[in-house]
Amino acid sequence: MTEPVVAVLGKGRVPADTPILRADDLGVLRGDGVFETIHVRGGKPWLLDEHLARMARSAARLELDLPDRGAMAELAATAYQGWPGEVEGALRLVCTRGAEGGGPATVFATLSPIAPTVRAARRDGVVVATAALGVAATARAEAPWLLGGVKALSYAVNMASQRWAYARRLDDVLWVSSDGYALEAPTSTLVWLAGEALCTVPVETGVLPGTTVRWLFDHAAALGLDTAERMVRPAELVTAGGAWLASSVRGVVPIRELDGLALPASPHTPAIQQLLGHPTPPPGRSAKAERS
Ligand code: PLP
């Protein structure tokens, strides 16, 4: 069993149970801060530069003083140094606004092994239901305070959405805008195949600009596929040539079922997964069985 790692900016590694936040830290009082979750494979973070760049953009949107790129990269390295190459990990970088009365940002990193359910989903796919997000697809572009495209610490709605799914023995939800467009899942980007084009939802809708989908699209030509950004209604996904949820730690997992309707298994899934390099576990217990 690989023990979780915790590293604090300016202090280095500390035992994982060390208190590192003040009780009045705005990160816990308000969810006021930003974070990134990065896949660690072969002992190294994947797409670290892209995650650091997005974290800087998120912090700028929150007018938050994130330490510079070099300091954040060093903090990440402090956490992943010595991590066993054979253990897939999730590296979190966190920056909160710090104490309520003012003061420096609170900045730390955690690194822990990823759950077997996450790995199993790459092989087994996920069963998903649509769920209302309650905003129109254009709303967040016109309302910057809704923080579209920002990876802020306030993930209570995202986690509640997933708990709603788990309570119904589903694996995840796909958020849908009030005008009926599919947007994203609470922790992943929607990808689908239309003809010979891998498609995803435009970031103008306020979905998070995913690092995984960006990398996949930049390398899609290697799979003989085009790429496109477009709007889609959930019903169209059922007849698409395949649909997936993509995220750093999860990788690209096929949506097996949407709102009780089976989606076709895409012949492209193995090649996509191989291209991204997230290991797919051998046949075994289903993701759902592992959770129950
Ligand atoms: N959308 C949301 C809301 C997310 O939280 C995430 C994961 O961080 C993603 C999409 C996928 O982003 P990435 O591929 O950078 O992990």
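Me: Which residues in the largest nonpolar core touch the most other members?
Reply: The model is a predicted one. Its largest nonpolar core has 28 residues. Those that touch the most other members are Val-34, Met-72, Leu-75, Leu-91, Leu-93 and Leu-111.

Me: Which element gives the largest share of this core?
Reply: Elements that give two or more residues to the core include strand S1 (5–8), strand S3 (33–41) and helix H2 (48–61). Helix H3 (69–80), strand S5 (89–96) and strand S6 (106–113) also belong to that list. The largest share, seven residues, comes from H3.

Me: How many residues are in the other core that lies apart from it?
Reply: Among the members of this other core are Ala-121, Val-128, Trp-192 and Ile-255.

Me: Which residue stands opposite Val-173 in S8?
Reply: Strand S7 (residues 126–132) pairs with S8 in the parallel sense, over five bridges. Opposite Val-173 stands Ala-129.

Me: Which residues form a nonpolar patch on the surface?
Reply: One member, Val-28, has its place in helix H1 (residues 26–30). Together the patch residues have about 240 Å² of accessible area. They are Leu-21, Val-28 and Leu-29.

Key: Residues numbered from 1 in each chain as written. Predicted model: local features only at pLDDT ≥ 70, side-chain atom pairs only at ≥ 80, totals over all residues. Heavy atoms only, no water. Patch = residues over 30% accessible without salt bridge, like charges linked within 9 Å, V, L, I, M, F, W, Y side chains within 5 Å. Areas by Shrake-Rupley, 256 points an atom, 1.4 Å probe, with all protein chains shown as cover. Salt bridge = Lys/Arg side-chain N within 4 Å of Asp/Glu carboxyl O. Helix = DSSP H or I, 4+ residues; strand = E, 2+ residues; numbered from the N terminus. Core = buried A, V, L, I, M, F, W, Y, C linked by side-chain atoms within 4.5 Å. Buried < 20%, exposed > 50% of the residue type's maximum accessible area, 1.4 Å probe, protein only. Pairing = 2+ DSSP bridges.
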